[in-house]
Amino acid sequence: MSLSAAEDDSRSEIHIPADIDWHMLDKSKFFFLGAALFSGVSAALYPIVVLKTRQQVSSAQISCSKMSLSIMRYEGLRGFYRGFGTSLMGTIPARALYMGVLEVTKSSVGTATVRLGFSDTTATAIASAAAGLNSAMAAQLVWTPIDVVSQRLMVQGYNNSNSCKNAISNVHSCRYKNGLDAFRKILYADGPRGLYRGFGISILTYAPSNAVWWTSYSLAHKLIWGGIGCSMGKKDETGVIEGSGFKPDSRAVVAVQGLSAAMASGVSALITMPLDTIKTRLQVLDGEDNGVRRPMTVLQTIRNLVKEGGLSACYRGLGPRWASMSMSATTMITTYEFLKRLSAKSQDSLSS
């Protein structure tokens, strides 16, 4: 999407690095470095995801500190990384698919909206929303089976912790040795549908969540730089800020990206938290019908949440999810922008 030149000479005279479009990237370097960088990010944030998942499936309110102490006491550090190997193996292809669809959609939709006469800000918002929506839907084809397996492993052994005993009574009773064993047993017991349990609600959760996040991020990014521009000088009669141009250093750029990502995560987490709780419970918990354990339906899951605490039950795990999304998004977007600059083709390659 050609929304800016080599440097964005905005009217406020803040010269920030322009966005790097899909055609400017060395694809091999982009996907290889992306797999390595995002694997490290996933490892750092995984314990928070485990806490969030266990809080969501719990029938009682348990604080993060109490749950963390319980995991450390009864399961050790390994308890915070249950299912990590499975999650990591799924992260690599899912991230590659996500980033590829994201960049292609953003570039094509952005170019189309500019040609239709939309302003730069509106075109960026539309392209970001479309890219977030498409990339999330594509990635869920890989992510849902990985999510089902890794989440089953995350909560396995949960009831072994005395402080959390009986906190969840409907966790699947089957015991898994590892991710491969869980994959095999789920496939044997429920068929392919078992691996895609909650796929519909996953799409309903992550597609709008990503659309909201990328739209909020692009708008927050522009608002923050606009605010910085306004604070640097007064505007003349035409609205242009007087004074010499300002070129921020890399630390300022990263700080603005991080703040924009945290703001976007807060908006997205609040809007989509109930859907995420329903999705997690659908993928992990079973119901009972005449003594036979069966996958729960969406309506059964909602009824159970209403019985357990109404709307507040839907927001269990909001703290860890907000923290996870904010830290993940801040790290992801700065890593992502850094990755794109590492993977950018040289000027000679672009001109040839």
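Ser 202 is buried, with a relative accessible area of 0%. Buried means under 20% relative accessible area, exposed means over 50%, and partly exposed lies in between (1.4 Å probe, protein chains only). Ser 202 sits in helix α7. Setting aside neighbours within four places in sequence, Ser 202 is in contact with Gln 140, Thr 144, Ala 207, Lys 279 and Gln 283. Contact means heavy atoms within 4.5 Å.

**Model and confidence**

This is a predicted model: local features need pLDDT of at least 70, side-chain atom pairs count only at pLDDT 80 or more, and totals for chains, interfaces and linings use all residues. Residues are numbered from 1 along each chain as its sequence is written, and side-chain values use heavy atoms, with hydrogens and water left out.

pLDDT is the predictor's confidence in each residue, from 0 to 100. The chain averages 77, and 80% of the residues score at least 70. Residues 1-12 stay under 50, with 30 contacts beyond four places in sequence. The pLDDT is also below 50 over residues 235-244, a stretch with 18 contacts beyond near neighbours in sequence. Where pLDDT is low, the predicted coordinates should not be read in detail.

**Overall fold**

The chain has 12 helices and four strands. Both are DSSP runs numbered from the N terminus: helices are H or I with at least four residues, strands are E with at least two. Of the 352 residues in the chain, 47% are buried. Among contacts with a separation of 6 or more, 81% join residues 24 or more positions apart.

**Packing around helix α1**

Helix α1 covers residues 27-57. Its axis comes within 11 Å of that of helix α2 (residues 64-74), and the two cross at roughly 110°. That makes α1 roughly perpendicular to α2. From α1, the contact uses Val 50, Leu 51, Arg 54 and Gln 55. From α2, it uses Cys 64, Met 67, Ser 68 and Ile 71. These residues divide into five nonpolar, two polar and one charged.

The axes of α1 and helix α11 (residues 318-343) come within 10 Å and cross at roughly 175°. That makes α1 roughly antiparallel to α11. Their contact has 14 nonpolar, seven polar and four charged residues.

Some conventions apply here. Axes are lines fitted to C-alpha atoms, for helices over the stretch in contact, and angles run from 0 to 180 degrees between N-to-C directions. Under 35 degrees counts as roughly parallel, over 145 as roughly antiparallel, 65 to 115 as roughly perpendicular and the rest as oblique. Ala, Val, Leu, Ile, Met, Phe, Trp, Tyr, Cys and Pro count as nonpolar; Asp, Glu, Lys and Arg as charged; the others, Gly among them, as polar.

**Aromatic pairs**

How many aromatic pairs does the whole structure hold? The search finds seven. Rings of Phe, Tyr and Trp (its six-membered ring) pair if their centres lie within 6.5 Å; planes under 30 degrees apart count as stacked, over 60 as edge-to-face and the rest as tilted. Two of the pairs are tabulated.

| Pair | Centre to centre | Between planes | Class |
|---|---|---|---|
| Tyr 46 and Phe 84 | 5.2 Å | 70° | edge-to-face |
| Trp 214 and Tyr 217 | 6.0 Å | 85° | edge-to-face |

Tyr 46 lies in helix α1 and Phe 84 in helix α3 (residues 84-115), so their pair ties together parts 38 residues apart in sequence. Tyr 46 is buried at 3% relative accessibility. Phe 84 is buried at 17%. Ring pairs link Tyr 46, Tyr 81 and Phe 84 into a cluster.

Trp 214 and Tyr 217 both lie in helix α7 (residues 199-232), three residues apart, about one turn of the helix. Both are buried.
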